[in-house]
Amino acid sequence: MKSLKWEVKTLPNIKSAKKRVLITETKTLQNKMFKTALKTAMKKYEAAVASGDKEAATKAYALVVKKLDVAAAKGVVHKNNVARKKSQYTLMLNGMGV
């Protein structure tokens, strides 16, 4: 088995259960990759806002909103969390002024 934070104490005997273990590992890694990319996009947006560069912040905003919407659609992040983040980021962008 691949190295995960948790370890299966007793391996499943049933063929379908063995498959589920492998699928769960794969999905866990995919979700981790997706969340990491999302967090990186969020940090880049926050850095652009902090620097005061409106153009870079606008581009980063479009990217982070798209990633948030996809995350909500896939069920990686809760839809209310996504709505709250989008609202916060919109307020941050509008608060930058000209």
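Visitor: Which helix holds Glu46?

Guide: Glu46 sits in helix α1. Keep in mind that this is a predicted model.

Visitor: Why does Glu46 count as partly exposed?

Guide: Its relative accessibility is 35%. Buried would need under 20% and exposed over 50%. The value falls in between, so Glu46 counts as partly exposed.

Visitor: What is Glu46 in contact with, leaving aside its neighbours within four places in sequence?

Guide: Tyr89 and Met92. Contact here means heavy atoms within 4.5 Å.

Visitor: How many helices and strands are in the protein chain?

Guide: The count is 3 helices and 0 strands. Along the sequence the pattern reads α-α-α.

Visitor: What makes α1 roughly parallel to α3?

Guide: Take the angle. The axes of α1 (residues 15-51) and α3 (residues 79-94) cross at roughly 20° and come within 10 Å. Roughly parallel needs an angle under 35 degrees. The crossing angle meets that, so α1 is roughly parallel to α3. The crossing is left-handed.

Visitor: Which residues of α1 and α3 meet?

Guide: From α1 come Met42, Tyr45, Glu46 and Val49. From α3 come Lys85, Tyr89, Met92 and Leu93. The contact divides into 6 nonpolar residues, no polar ones and 2 charged.

Visitor: How do you know that α1 is roughly antiparallel to α2?

Guide: The two pack at an angle of about 155°, with axes 9 Å apart. Angles over 145 degrees count as roughly antiparallel. The packing angle passes that mark, so α1 and α2 qualify. Their crossing is left-handed.

Visitor: Which residues of α1 and α2 meet?

Guide: On α1, they are Phe34, Ala37, Leu38, Ala41, Met42, Tyr45, Ala48 and Val49. On α2, they are Ala56, Ala57, Ala60, Tyr61, Val64, Lys67, Leu68, Val70, Ala71 and Lys74. By class, the contact of α1 with α2 holds 16 nonpolar, no polar and 2 charged residues.

Visitor: Why are α2 and α3 called roughly antiparallel to each other?

Guide: Their packing angle is about 170°, and their axes lie 10 Å apart. The cut-off is over 145 degrees. The angle clears it, so the two are roughly antiparallel. α2 contributes Lys54, Ala57, Thr58, Tyr61, Val64, Val65, Leu68, Asp69 and Ala72 to the contact. α3 contributes Lys79, Val82, Lys85, Lys86, Tyr89, Thr90 and Leu93.

Visitor: How many aromatic pairs does the structure hold?

Guide: It holds 2 aromatic pairs. Tyr45 and Tyr61 form one that is tilted.

Visitor: What makes Tyr45 and Tyr61 an aromatic pair, and what makes it tilted?

Guide: Two numbers settle it. The ring centres are 5.9 Å apart, and pairing needs centres within 6.5 Å. The planes make 50°. Stacked needs under 30 degrees and edge-to-face over 60, so the pair is tilted.

Visitor: Which parts does the pair tie together?

Guide: Tyr45 lies in α1 and Tyr61 in α2 (residues 54-74), so the pair links parts 16 residues apart in sequence. Both tyrosines are buried. Together with Tyr89 they form one aromatic cluster.

Visitor: Why is Ala71 called buried?

Guide: Ala71 has a relative accessible area of 0%. Buried means under 20%, so the label holds. Ala71 belongs to helix α2.

Visitor: What does Ala71 touch, not counting residues up to four places away in sequence?

Guide: Phe34, Leu38, Val76 and Val77. The C-alpha atoms of Ala71 and Asn31 are separated by 9.3 Å, and the two are 40 residues apart along the chain.

Visitor: How do you know whether Ala60 is buried or exposed?

Guide: Its relative accessible area is 16%. That is under 20%, so Ala60 is buried. Ala60 is in helix α2. Its C-alpha atom is 9.2 Å from that of Val49, 11 residues away along the chain.

Visitor: What share of the 98 residues in the protein chain is buried?

Guide: The buried share is 21%. As for contacts with a separation of 6 or more, residues 24 or more positions apart account for 60% of them.

Methods:
Residues numbered from 1 in each chain as written. Predicted model: local features only at pLDDT ≥ 70, side-chain atom pairs only at ≥ 80, totals over all residues. Heavy atoms only, no water. Axes fitted to C-alpha atoms, helices over the stretch in contact; angles between N-to-C directions. Helix = DSSP H or I, 4+ residues; strand = E, 2+ residues; numbered from the N terminus. Parallel < 35°, antiparallel > 145°, perpendicular 65-115°, else oblique. Left-handed = near helix turned anticlockwise from the far one by under 90°. Nonpolar A, V, L, I, M, F, W, Y, C, P; charged D, E, K, R; others polar. Phe/Tyr/Trp six-rings, centres within 6.5 Å; stacked < 30°, edge-to-face > 60°. Buried < 20%, exposed > 50% of the residue type's maximum accessible area, 1.4 Å probe, protein only.
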